[in-house]
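Work through the exercises below with the sequence and the model open. Each task is followed by a solution in steps.

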Amino acid sequence: MTNEGSALLLDFARKDPIAFAMSIEDFSIEEIAETLNNLPNKLAASVIAGLSASKIRLLMSEVDAKRLSWLADGALEDVKVILVRLPEGRRKSTVRKLANGSQKVTLLRFLSYPKHSLGRYVSNEVILVQASMPTDEVIALIKDSKPGLPVVVVKKNGKYAGILDARRVLEGKPNASIDKFIDTVEPLRAEAALVDTMEVEDWRRHSILAAVDHEDHVLGVISRENLLSSLALAPSPTKTLDSVLAVFQLYVKVLASLVNSVFQIRSKP
C-alpha cells in the first residue's frame with residue numbers, strides 16, 4: 001500500500017472506527033488482519049470492537065503477539081467488547097497471556113465478577129496511600145502520578161479507610177497529618193448489583209466512590225459517569241432497566257439531588 005493510501009486508511013479509521021469496521025466486515029479474516037496491522041494497536045482494537053461477533057471470534061481464534069498487543073494497548077471498553085465476543089472458556093486464558101499490568105488486572109476482574117455486579121466495572125486507576133503515611137510523602141506521590149487520579153486511603157492491614165481530599169492535601173502544610181483530609185464515606189461492595197449501587201445516597205456528595213471486596217480490601221473506584229454507562233450496558237436481571245431512557249432518569253434523579261444539596265448549603269445563614 002502506498003504512503004498516501006495508508007494515510008487515507010488511517011484517517012478514515014480514526015474518524016469513525018465503527019464505520020471503518022463495517023467497511024471491512026466482508027473481507028476475509030486474512031485481509032482484515034492485514035488491514036489492522038497497518039493501524040496503531042489502540043485504533044485497531046476500536047475497529048475490532050465494531051466487527052460482528054462471528055468475525056471477532058474468527059480473528060481472535062489464535063492468539064499471537066500481534067493480537068495480544070491489540071488487547072494490551074486497546075482502550076479498556078473496546079477490549080471488554082472483544083473479550084465478551086469470544087467463547088466463554090477462552091476469555092480468561094487469553095487475558096492471562098497478557099504481560100502483567102493494570103490492564104491485565106482490570107480485565108481479569110471484569111471476567112471474574114458476574115456481569116450484573118459492580119465488581120466487573122471497577123477501575124484500578126487510583127492512588128492508594130497508607131493512613132500512616134506522612135503528608136509530604138502523600139503530596140509527592142500525588143504529584144508524581146497521573147493528574148486527576150482519585151486517592152483512596154487504606155489501613156495497615158490493607159483494608160479501606162476512606163477517600164482523601166487531594167486538593168486540600170496539596171494546599172495544606174507538608175508536615176500536617178492526613179487524618180483531617182480523609183472522608184470516611186462508605187465504600188461500595190463489589191458483589192452488589194449495579195442497579196442497587198445507583199441508589200446509594202453518597203453519590204450526592206461524591207462523583208467517585210471506592211469499591212471493596214468481601215474483606216474490605218480496595219479493588220479500585222467507580223465514577224458516577226461509568227456507573228451510568230455500565231447500567232445501560234448490563235441491566236440487572238432482577239430490576240431490569242427497560243431502556244437508556246430509564247438510565248437517563250436515574251441520572252436526572254442524582255443530578256437533582258446534587259443541585260438540591262448545593263442550594264441547601266448556600267441557603268444556610
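**Exercise 1.** Find which helix gives the most to the lining of the largest pocket, and describe that pocket.

Solution.
- Step 1. H7 gives the most, with seven residues. The model is predicted, so local features need pLDDT of at least 70 and side-chain atom pairs pLDDT 80 or more, whereas totals for chains, interfaces and linings use all residues. Residues are numbered from 1 along each chain as its sequence is written, and side-chain values use heavy atoms, without hydrogens and water.
- Step 2. The volume of the largest pocket is about 900 Å³. A pocket is an open set of points on a 1 Å grid over the protein atoms alone, where a 1.4 Å probe fits, with protein on both sides within 12 Å along at least five of seven lines; lining residues have an atom within 4 Å of a point.
- Step 3. Its lining has 34 residues, and Glu 77, Lys 80, Phe 110, Arg 120 and Tyr 121 lie nearest the centre.
- Step 4. By class, the lining holds 15 nonpolar, eight polar and eleven charged residues.

**Exercise 2.** Find which residues of helix H10 (135–144) are buried (under 20% relative accessible area, 1.4 Å probe, protein chains only), and where they sit around the axis.

Solution.
- Step 1. The buried residues are Thr 135, Val 138, Ile 139 and Ile 142.
- Step 2. They lie on the same side of H10, because they cover an arc of only 100 degrees around the axis, taken from the directions from the helix axis to the C-beta atoms.
- Step 3. Their cover includes strands S1 (127–130), S2 (151–154) and S3 (160–164) and helix H11 (166–171).

Terms used. Grid points are joined across faces, edges and corners, and a volume is the space filled by probe spheres set on the points. Helices (H or I, at least four residues) and strands (E, at least two) are DSSP runs, numbered from the N terminus. Ala, Val, Leu, Ile, Met, Phe, Trp, Tyr, Cys and Pro count as nonpolar, Asp, Glu, Lys and Arg as charged, and the others, Gly among them, as polar. Buried means under 20% relative accessible area, exposed over 50%, partly exposed in between (1.4 Å probe, protein chains only). Contact means heavy atoms within 4.5 Å.
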